[in-house]
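Okay, thanks for having me. Let me put the model up, and then I'll walk you through a few spots in it.

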Amino acid sequence: MNSVENEEDELLFKLHSEASKRGSNALSLRAFEVVAFSSQYGCENSLSYTAENILGPATIYPRAGDHAYTFQMKTYGQWWNSLPSSRRIVSNLPNGTFAESQDFIEIRVEKRVAPLLMRVYEVYNPGAIVKILCYCYETESRWVILWQGAPQILLPDKSHCFSVEFECINFLTDYYRIEFHHSHLQYYSEIDGIILYGEDRIPPSLPNYCLAPKNFLYPKDAFKHVNNSTCNQRNENGPDGKTKFSAYFETLPKEVMHLILGLLDFKTLCIAAQVSRLFRTECYDPIVCKEINLNLYWHLVLIRKLLKDYELTKKQII
């Protein structure tokens with residue numbers, strides 16, 4: 001048994017001891033299926049630098065360096081921005097987002113658990129992980145942000161174990177998504193493997209899980225302060241006696257409106273367009289929507305096959 005396996009077993013023992021106090025078991029699970037990925041350096045029928053190399057236990061870590069039997073993505077650095085064909089889209093990041101996701105991989109583990117901790121073994125140019133999500137089968141929101149943070153500045157030729165703990169997960173899932181940001185790297189990053197720790201039961205004392213960090217501003221609340229304060233002070237009664245929304249936005253020059261709306265991320269802009277006819281016209285003005293970057297919203301796309309498989313499994317259980 002090598003040092004990595006010893007670390008994993010010690011961690012499992014510690015988590016299992018805590019889980020047993022809550023009447024559940026802690027499990028360690030490997031990625032056994034790659035559902036989707038944005039890019040891979042290797043060819044589809046090759047074993048070198050492909051997404052499939054992330055499955056199973058780590059084979060390279062804790063060694064470091066460029067190894068063919070790892071998962072390597074195609075993106076790094078800023079060189080593509082200097083190409084003549086480059087069309088760099090500058091997007092306003094949603095509130096609470098530290099960096100734009102440039103690559104992703106979606107994996108499944110062998111069993112649905114309430115996730116407690118994830119370890120990602122990075123063996124070359126580490127520090128690109130910026131977001132981890134999991135798929136909730138029971139809610140409309142589907143993708144749940146477990147963790148997000150800024151990319152790390154680490155030694156490129158040293159291996160690194162990216163480890164992050166999760167809290168307040170009150171559902172079971174087997175489907176996870178890891179997103180990467182590579183602009184600060186000088187060469188390709190490589191991932192050797194993933195191990196997930198989780199409980200086989202939902203801890204009974206957990207509160208409802210928040211779908212994002214506490215300081216995250218949901219798009220539906222983006223204009224809450226306008227409706228509660230500004231509008232209440234400046235609403236006027238229309239001919240039918242009903243409250244009429246004005247807030248004097250009509251008096252603002254278009255340039256000022258475009259400047260304000262240009263500070264919003266795309267999803268919030270779409271929500272703002274539903275406020276009124278005026279907002280709809282200004283939000284969809286070509287000056288505001290000159291460039292649209294949907295990379296930030298990959299995780300909002302539902303995978304029909306996954307939902308279909310889940311419904312079939314649910315019927316079989318019933």
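Predicted model: local features only at pLDDT ≥ 70, side-chain atom pairs only at ≥ 80, totals over all residues.

**A walk through the model**

Let's start at Arg119, which sits in strand S3 (residues 103-124). Residues are numbered from 1 along each chain as its sequence is written, and side-chain values use heavy atoms, with hydrogens and water left out.

So, is Arg119 buried or exposed? Arg119 counts as buried, at 8% relative accessibility. The cut-offs are under 20% relative accessible area for buried, over 50% for exposed, and partly exposed in between, with a 1.4 Å probe and protein chains only. The side chain of Arg119 has a polar contact of 3.2 Å with that of Tyr121. By polar contact I mean a pair of N or O atoms within 3.5 Å; within protein, one must be able to donate a hydrogen and the other to accept it, and residues adjacent in sequence count only if both atoms are side-chain atoms. Leaving aside neighbours within four places in sequence, Arg119 is in contact (heavy atoms within 4.5 Å) with residues including Glu7, Leu11, Phe162 and Tyr197.

Zooming out, the chain has six helices and 10 strands. Of its 318 residues, 43% count as buried. If you take contacts between residues at least 6 apart in sequence, 77% of them join residues at least 24 apart.

Now the cores. A nonpolar core is a set of buried Ala, Val, Leu, Ile, Met, Phe, Trp, Tyr and Cys residues joined through side-chain atoms within 4.5 Å. The largest one has 34 residues, and Ile105, Ile107, Met118 and Tyr176 touch the most other members. Which strand gives the most to this core? That's S3, with six residues. Ile105, for its part, touches Val34, Phe71, Tyr176 and Ile178, among others, not counting residues up to four places away in sequence. Apart from that core there's another, of 14 residues, and Tyr61, Tyr124, Cys161 and Tyr197 are among them.

Over to helix H3 (residues 254-261), where the buried residues are Met257, His258 and Leu261. Looking down the axis of H3, these fall within an arc of 95°, so they line one face of the helix; the arc is taken from the directions from the helix axis to the C-beta atoms. That buried set packs against helix H4 (266-272) and helix H5 (277-283). On the face turned away from it, H3 carries the exposed residues Glu255 and Leu259.

Last stop, the cysteines. How many disulfides does a search of the whole structure find? Zero, taking a disulfide as a pair of cysteine sulfur atoms within 2.5 Å. For Cys134, the nearest cysteine sulfur is that of Cys136, 7.1 Å away. Cys134 counts as buried at 0% relative accessibility, whereas Cys270 is partly exposed at 25%.

Terms used: Helix = DSSP H or I, 4+ residues; strand = E, 2+ residues; numbered from the N terminus.
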